[in-house]
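Please walk me through this structure. Start with the sheet, then turn to the cores, the helices and a few single residues.

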Amino acid sequence: FTYMLSILIPTYNYNVFLLVKELLDQASKLNIDFEIICLDDGSKVTFVENEAINELKNCSFSTNEVNLGRASNLNKLVDKAKFNYCLLLEADAFPTNENYIKNYIAIIKDGIKVAFGGVIYSNKKPKANSLLRWIYGHKRESKSLDFRKKNPYNIVFSWNLLISKEVFQRFPFDASIKNYGFEDFIFLKELKENAIPIHQIDNNCIHQNEETSIEFLKKYNYSLKNLKKLIDSNQLKYEDTSLSALYLKIKKLHLDVLVAFTFKISKNLIVKNLTSKYCSLLLFDFYKLGYFCLLNQKQHV
């Protein structure tokens, strides 16, 4: 019996050739039918290496004419997949072991429908202006297998995720979400609410995210605006995320105006800290809350 796997990589402004080459080398050593599909979401930057992917066996690289947003791009990738098992990846991910694909094939053999392999960050400290993303990744996103098994829905990303095509197409990403932020949160919430178990395994990818602290903050601002939008359109409730639930508590205590005001007058100082080598996650938590309070007051942030 031959096992079949579609490896799907959404890309944007990224050279994904080395990742594809590694996955191709691993998959070729196994008795499986596989394909690696990269779909670029209308990047502003092109890499000649990405075009070379089309010359590799069972691999393809194509580009959307216009930017669809991450949700629709992932849906499109799964629609393109030939096989019933899909491994969703990020362009800036890289397997930490040479049995990475083999470990997922073992899961398929066990008949498991959804499995998450975990994420880690490099131990090499980045430059001072890129520390925030690295610290946040280490402290908030990189969790032990033991922790993940106890909280199977808590720390899961929509990458380094093995999922059967049939399950994904029953609960696709919400295509109405065009902007960045919380699209995977809604997807995973759907799986949880429909009692689709997420199996946790030790099959980490390293997240080679090298964005600067200022880029990370800008991205986070987008995601918070999107969170507010999703709550306003009833796609999420305030109680759904820890941040919006905390906002609700302080609003009930009539402290939201104070938090928003404090954030507004201290924002520049906070940003100065968060973009320095002394960046504090505690301050980042206050930044998120303050920003969200301002958004809820319909103030321009």
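The paragraphs below take the fold piece by piece.

This is a predicted model: local features need pLDDT of at least 70, side-chain atom pairs count only at pLDDT 80 or more, and totals for chains, interfaces and linings use all residues. Residues are numbered from 1 along each chain as its sequence is written, and side-chain values use heavy atoms, with hydrogens and water left out.

Begin with the sheet. Seven strands form an open sheet with mixed pairing, in the order β3-β2-β1-β4-β8-β6-β9. Helices (H or I, at least four residues) and strands (E, at least two) are DSSP runs, numbered from the N terminus. Two strands pair if DSSP finds at least two bridges between them. The edge strands are β3 (59-63) and β9 (199-200), and each pairs on one side only. C38 has F61 of β3 as its bridge partner.

Helix α4 (residues 100-109) packs on this sheet. It touches β1 (3-11), β2, β4 (85-88), β6 (114-116), β8 (161-164) and β9. Contact here means heavy atoms within 4.5 Å. The direction of α4 makes about 125° with that of β1. Axes are lines fitted to C-alpha atoms, for helices over the stretch in contact, and angles run from 0 to 180 degrees between N-to-C directions.

Now look at β8. Strands β4 and β8 run antiparallel and are joined by four bridges. L87 stands opposite L162 of β8. β6 also pairs with β8 in the antiparallel sense, over three bridges. There, V114 has I163 of β8 as its bridge partner. Both faces of β8 are covered: L161 and I163 are buried on one side, L162 and S164 on the other. Buried means under 20% relative accessible area, exposed over 50%, and partly exposed in between (1.4 Å probe, protein chains only).

What surrounds I9? Beyond its neighbours within four places in sequence, I9 contacts V16, L19, V20, L23, I36, I37, C38, L39, L77, L89, E90 and A91. I9 and I101 have the most contacts inside the largest nonpolar core, which has 63 residues. Apart from that core lies another, of 34 residues, including L224, A260, I270 and C279. A nonpolar core is a set of buried Ala, Val, Leu, Ile, Met, Phe, Trp, Tyr and Cys residues joined through side-chain atoms within 4.5 Å. In soluble globular proteins, nonpolar side chains tend to be buried together.

Next comes a helix pair. The axes of α9 (residues 213-232) and α12 (residues 281-296) come within 10 Å and cross at roughly 45°. That makes α9 oblique to α12, since angles under 35 degrees count as roughly parallel, over 145 as roughly antiparallel, 65 to 115 as roughly perpendicular and the rest as oblique. Residues making the contact include F216, Y220 and L224 of α9, and F284, Y287 and Y291 of α12.

Last, some single residues. L18 sits in helix α1 (residues 17-28). Is L18 buried or exposed? At 64% relative accessibility, L18 counts as exposed.

N160 is not a glycine, yet has a positive phi of about 55°. It lies in the loop between α6 (145-150) and β8. N160 is buried, at 0% relative accessible area. A195, also not a glycine, has a positive phi of about 55°. Its place is the loop between α8 (183-193) and β9. A195 counts as exposed, at 60% relative accessibility.
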